[in-house]
Amino acid sequence: MSRQYFGTDGIRGTVGQSPMVPDFVLRLGQAAGTVLGKYEADGRRPRVLIGKDTRVSGYLLESCLEAGFTSVGVDVVMVGPMPTAGVAYLARALNMSAGVVISASHNPYQDNGIKFFSGKGTKLPDAWEMEIEAQLALDAPCKSSEELGKAKRLNDAAGRYIEFCKGTFPRDKHLRGLKIVVDCANGAAYQIAPAVFRELGADVVVLADQPDGLNINRGVGATYPDFVAKAVLEHKADYGFALDGDADRLICVDGTGRVYNGDELLFALVAERLHMQGKVDGVVGTLMTNLGLELTLGKLGVPFERAKVGDRYVFEKLQAKGWQLGGESSGHLLVLDRHSTGDGIVSALQVLRAVRNLGKPLAEILMPVVMLPQVLKNARLPVGYDWVNDAKVQGVCEQVRAELGSNGRLLIRPSGTEPVLRVMVETAERDVAERLVDLIVESLPTI
């Protein structure tokens, strides 16, 4: 069965257009609740935790999910605005059947999405998502009154998660003496992230912590690193951290205004563990991970493997290998001995842990790595267009691959979160990469 609704990170779309409409979201709650009920032991009533980011549409979708779940006998606990990783943590800590996050991550406010976590705090496997899709095609009649689920709010959810985040930082270390800028993207972490860094002793400058339902990710956050970089320089801060709307990805800036992406931050975590533990079993990246990181890890004797794009696939490969460190260039980092999923706040603390334990600034830690220039462009294609079987496009791709040879990479893939085709070229010379990407994009019938 092919996927109709689930992408690489749940279900996502523009609110008011299918599938992000009330009727579908209610039915999704019913379908997911029905599937969860099949796996509960000893007849226990399923319990689901629901969190959201700060989009105005979160109120609507939260109500629809609550109605859908309770109508099929699932109890619901709502926590309000909460980072994606916070929902994952609380689902595990509170012994829930599942966690649900209402968020479209780094997308603009017009979009929203729904993603699921297991009771262990991990993304649902593909098989479960396919089962939910199959259930969506069937009727899920409302239970009788005595079988309906109940709903309540968890008032101390933020405090619980703040304490968890702080617990991932060494007890014998602190952040006193550091000035840190935190860009909350007007998103789910707008209250939590500043509290974590302050309670660990940092002097914190907070940006984009005034959400109004419409300004999430608007010119701020992890997809606009220049915003936090400018603030770091203005405030003469040591580091700046930019989160996205649901705070599961991280971009870092140092005191000079230099921006570090996920590949670079991942190497910093590897370097710290090599120093403290003497070895790292292995690292998982994605098809987008910079070749420079792979080559550097190879020189250090650290095994490296690539997964499909999407932190869920990085997680699955880490689990299969028994490794702990992985991530994506976009800033999703997985540190599985700290958390079961990608967490921007926890990732920032692990970067600062590396700085403290190695006794070096981030730029010095990263000196062994030479990242190759990557040029990525998104192309919006006409509905129904099949680029794979377009002879003209494939001919241009072969021409590009021939020119790159063994000195670079071409990667073309449909986005799992947006209706675009991503075209990436990686090679030693940026102007060459830009020319070759343009060559391919210009061959596509974009809209």
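Q: Let's start with α8 and α11. At what angle do they pack, and how far apart are their axes?
A: This is a predicted model, to be clear. In it, helix α8 (residues 262–277) and helix α11 (residues 344–358) pack at an angle of about 40°, and their axes are 9 Å apart.

Q: Left-handed or right-handed crossing?
A: Left-handed, as α8 passes α11.

Q: Which residues meet there?
A: From α8 you have Leu 265, Ala 268, Leu 269, Ala 271, Glu 272, His 275 and Met 276. On the α11 side they meet Gln 350, Val 351, Arg 353, Ala 354, Asn 357 and Leu 358.

Q: And how many nonpolar, polar and charged residues does that contact have?
A: The contact of α8 with α11 has 8 nonpolar, 3 polar and 2 charged residues.

Q: Okay, switching to rings. How many aromatic pairs does a search of the whole structure find?
A: It finds 6 aromatic pairs. One of them is Tyr 5 with Phe 24, which is tilted, at 4.6 Å centre to centre and with 50° between the planes.

Q: Where do Tyr 5 and Phe 24 lie?
A: Tyr 5 is in the segment before β1 (11–14), while Phe 24 belongs to helix α1 (residues 22–38). The pair therefore ties together parts that are 19 residues apart in sequence.

Q: Is Phe 24 buried or exposed? And what about Tyr 5?
A: Phe 24 counts as buried, because its relative accessibility is 3% and the cut-off is under 20%. Tyr 5 is partly exposed, with a relative accessible area of 23%.

Q: What about Tyr 89 and Phe 164, what kind of aromatic pair do they form?
A: A stacked one, at 4.3 Å centre to centre and with 20° between the planes. Tyr 89 sits in helix α3 (residues 84–93) and Phe 164 in helix α5 (residues 157–166), so this pair ties together parts that are 75 residues apart in sequence. Tyr 89 counts as buried at 17% relative accessibility, and Phe 164 counts as buried at 13%.

Q: Which residues do ring pairs link into a cluster?
A: Tyr 89, Tyr 161 and Phe 164.

Q: So how do α3 and α5 pack?
A: At an angle of about 95°, with their axes 10 Å apart. That makes α3 roughly perpendicular to α5. Ala 85, Gly 86, Tyr 89, Leu 90 and Arg 92 in α3 meet Ala 157, Arg 160, Tyr 161 and Phe 164 in α5. By class, this contact has 6 nonpolar, 1 polar and 2 charged residues.

Q: Last one: where does Pro 373 lie?
A: In the loop between α12 (362–365) and β16 (374–379). Pro 373 counts as buried at 18% relative accessibility. Not counting residues up to four places away in sequence, Pro 373 touches Val 425, Glu 426, Thr 427, Ala 428 and Arg 430.

Q: And what separates the C-alpha atoms of Pro 373 and Gly 292?
A: They are separated by 9.2 Å, and the two residues are 81 residues apart along the chain.

Technical notes: Residues numbered from 1 in each chain as written. Predicted model: local features only at pLDDT ≥ 70, side-chain atom pairs only at ≥ 80, totals over all residues. Heavy atoms only, no water. Axes fitted to C-alpha atoms, helices over the stretch in contact; angles between N-to-C directions. Helix = DSSP H or I, 4+ residues; strand = E, 2+ residues; numbered from the N terminus. Left-handed = near helix turned anticlockwise from the far one by under 90°. Contact = heavy atoms within 4.5 Å. Nonpolar A, V, L, I, M, F, W, Y, C, P; charged D, E, K, R; others polar. Phe/Tyr/Trp six-rings, centres within 6.5 Å; stacked < 30°, edge-to-face > 60°. Buried < 20%, exposed > 50% of the residue type's maximum accessible area, 1.4 Å probe, protein only. Parallel < 35°, antiparallel > 145°, perpendicular 65-115°, else oblique.
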